[in-house]
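Reader: I would like to go through this structure with you, one topic at a time. Could we begin once it is in view?

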Amino acid sequence: MLDNYRDDTGNPSIFKSVVEAEKIIKNKYQDKEYSYFSGMEDYNSLAVKLLLGDDSVFICQKRTATVQAVGGSGALYVSGKFMAQFFPGNTCIYLPQPTWANHEAIFKFVGLEVAWYRYCDPKVSKLDFEGLMDDINKIPEKSIAFFQGCAHNPTGVDPSQEQWCEISQLVKKRQLFPVFDVAYQGFASGDFYNDAFSFRTFLQDGHKVAILQSYSKSMGLYGERTGSCTFIADCKSEADTILTQMEEIIRKTYSSPPIHGSRIVVEILADENLKYMWFQEVKMMSERLKAMRNALKENLEKAGSKHNWDHIVHQIGMFCLSKLTPKQVKKLTDDYHIYLPADGRISVAGLTTKNVQYVANAIHEVTK
Ligand SMILES: Cc1ncc(COP(=O)(O)O)c(C=O)c1O
């Protein structure tokens, strides 16, 4: 089972809004010029508005430093490199345990120290909120705390809105610098505004934050490598300085980002009709994922499984930490040709109305 979204036929569909945007781009541009080091200006401005809201005070006061990034991974790299070089405090970044494997790899690669806070115990597949608060409370002051903004990969487990508010207060008390990875905005609730709750709450509470955005999943632009990296500063001049430093990192790493994906994003975000079309498509995807979770649980129960599979429907987004053991995962692969990582993470997007019963029966067989 794969990491990118599949439709109910099991195929990686291209968004209709993206197809429409590409038609416009074909007529509009007759060039393949370089972009600026920081990417296209209108892209950066629309990307940050999607994160913070059109009327965000941080945008009005020019306190945002945004660069276009080579996907979400590029945003992790640029932000990490910037923090390793310029963060005034302790350059140790605290990650949720578990998290997407590349977080640790990229942050170590750019020279940050990496440590962990408890997030989710795979045996129970539930947020370990007490463990999280306890560990964050022990992080040395002026360190970096890393969060996934919504639809956590690989657990599918997010804090509730009330819990985000408590985390924000604790992060403030500890004087930590919060960094949000936003690779799945729209996937958790089907609504971009709701899925921005975590980092918008932190901003309202007076934190300066970094927000790393990817359009790989939310617009299906995987191979176009389209993302952004934003730091919120105290004032315009601090934002300008941060921007210059990020441009310097980009110049020395890959000079400038690709232009096709960002042109697609601009066409969609700048046009109310295309934007609406895109929002509806993301909503449909999020609803399909929810329907597949329900179908998997129902089929497991129909197959006669006596285990509790509630976590499948309580988790959100593209991934489900199934509680399958490495031995059971191996049996699924060897005997039923169902492929998933040893930690038991199911990519819910790999389920379809056609295969969900087969998958459920197989899971039932290996967990008897
Ligand atoms: C949580 C998380 N962050 C970042 C990324 C990287 O996104 P991109 O594919 O745009 O580099 C991924 C990709 O799977 C992810 O799951």
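Predicted model: local features only at pLDDT ≥ 70, side-chain atom pairs only at ≥ 80, totals over all residues.

Reader: What is the strand order in the open sheet of seven strands?

Author: The order is 1-9-8-7-6-2-3, and the pairing is mixed. Strand 1 and strand 3 (113-118) stand at the edges with a single partner strand each, so one side of each has no neighbour in the sheet. On average, neighbouring strands of this sheet are turned by 20° against each other, direction ignored.

Reader: In which sense do strand 1 and strand 9 pair?

Author: Strand 1 and strand 9 (residues 226-232) pair in the antiparallel sense, over seven bridges. Within that pairing, Ala-65 stands opposite Phe-231 of strand 9.

Reader: And how many residues of strand 1 are buried?

Author: Five of the seven residues of strand 1 (residues 64-70) are buried, which leaves the strand mostly covered.

Reader: Let us move to strand 7. How many of its residues are buried?

Author: Six of the six residues of strand 7 are buried. Phe-177, Val-179 and Asp-181 point one way from the strand, while Pro-178, Phe-180 and Val-182 point the other way.

Reader: How do strand 6 and strand 7 run, parallel or antiparallel?

Author: Strand 6 (residues 144-148) and strand 7 (residues 177-182) run parallel and are joined by five bridges. Phe-147 stands opposite Phe-180 in strand 7, and Gln-148 has Asp-181 as its bridge partner there.

Reader: Which residues are in a ring cluster with Phe-147 and Phe-180?

Author: Ring pairs link Phe-147 and Phe-180 with Tyr-117, Trp-164, Phe-199 and Phe-202 into a cluster.

Reader: How many aromatic pairs does the structure hold?

Author: The structure holds 21 aromatic pairs. In one of them, Phe-82 and Phe-86 have ring centres 5.2 Å apart and planes at 45°, so this pair is tilted. Phe-82 and Phe-86 are four residues apart in helix 4, which separates them by about one helical turn.

Reader: Phe-82 and Phe-86: buried or partly exposed?

Author: Phe-82 counts as buried because its relative accessibility is 10%, and buried means under 20%. Phe-86 is partly exposed, with a relative accessible area of 36%.

Reader: What about the rings of Trp-278 and Phe-279?

Author: The centres of the Trp-278 and Phe-279 rings lie 5.6 Å apart with their planes at 40°, so that pair is tilted. Trp-278 is buried, at a relative accessible area of 0%, whereas Phe-279 is partly exposed at 26%.

Reader: Phe-199 and Phe-202 were in the cluster. Which residues of helix 8 are buried?

Author: Phe-199 and Phe-202 are both among the buried residues of helix 8, together with Ser-198, Arg-200, Thr-201 and Leu-203. Helix 8 (residues 197-204) is largely enclosed by the rest of the structure because six of its eight residues are buried.

Reader: Changing topic, how much space lies in the largest pocket?

Author: The largest pocket holds about 510 Å³ of space. Its lining is made of 22 residues, and Phe-87, Pro-88, Phe-177, Lys-208 and Glu-238 lie nearest the centre.

Reader: Which elements supply that lining?

Author: Helix 4 (71-86), strand 7, strand 9 and helix 9 (236-253) each supply at least two residues of the pocket lining. Helix 9 gives the largest share, with four residues.

Reader: How does the lining of the largest pocket divide by class?

Author: The pocket lining has twelve nonpolar, six polar and four charged residues.

Reader: And what is the volume of the largest cavity?

Author: The largest cavity has a volume of about 40 Å³. The count of cavities of 30 Å³ or more comes to two.

Reader: Which residues line the largest cavity?

Author: The lining residues include Leu-50, Leu-51, Val-182, Phe-192, Tyr-215 and Trp-278. Helix 2 (41-52) and strand 8 (210-214) each supply at least two residues of this lining. By class, the cavity lining has six nonpolar, four polar and no charged residues.

Terms used: Residues numbered from 1 in each chain as written. Heavy atoms only, no water. Buried < 20%, exposed > 50% of the residue type's maximum accessible area, 1.4 Å probe, protein only. Pairing = 2+ DSSP bridges. Axes fitted to C-alpha atoms, helices over the stretch in contact; angles between N-to-C directions. 1 Å grid on protein atoms, 1.4 Å probe; cavity = no way out; pocket = protein on both sides within 12 Å on 5 of 7 lines; lining within 4 Å. Points joined across faces, edges and corners; volume = space filled by probe spheres on them. Nonpolar A, V, L, I, M, F, W, Y, C, P; charged D, E, K, R; others polar. Phe/Tyr/Trp six-rings, centres within 6.5 Å; stacked < 30°, edge-to-face > 60°.
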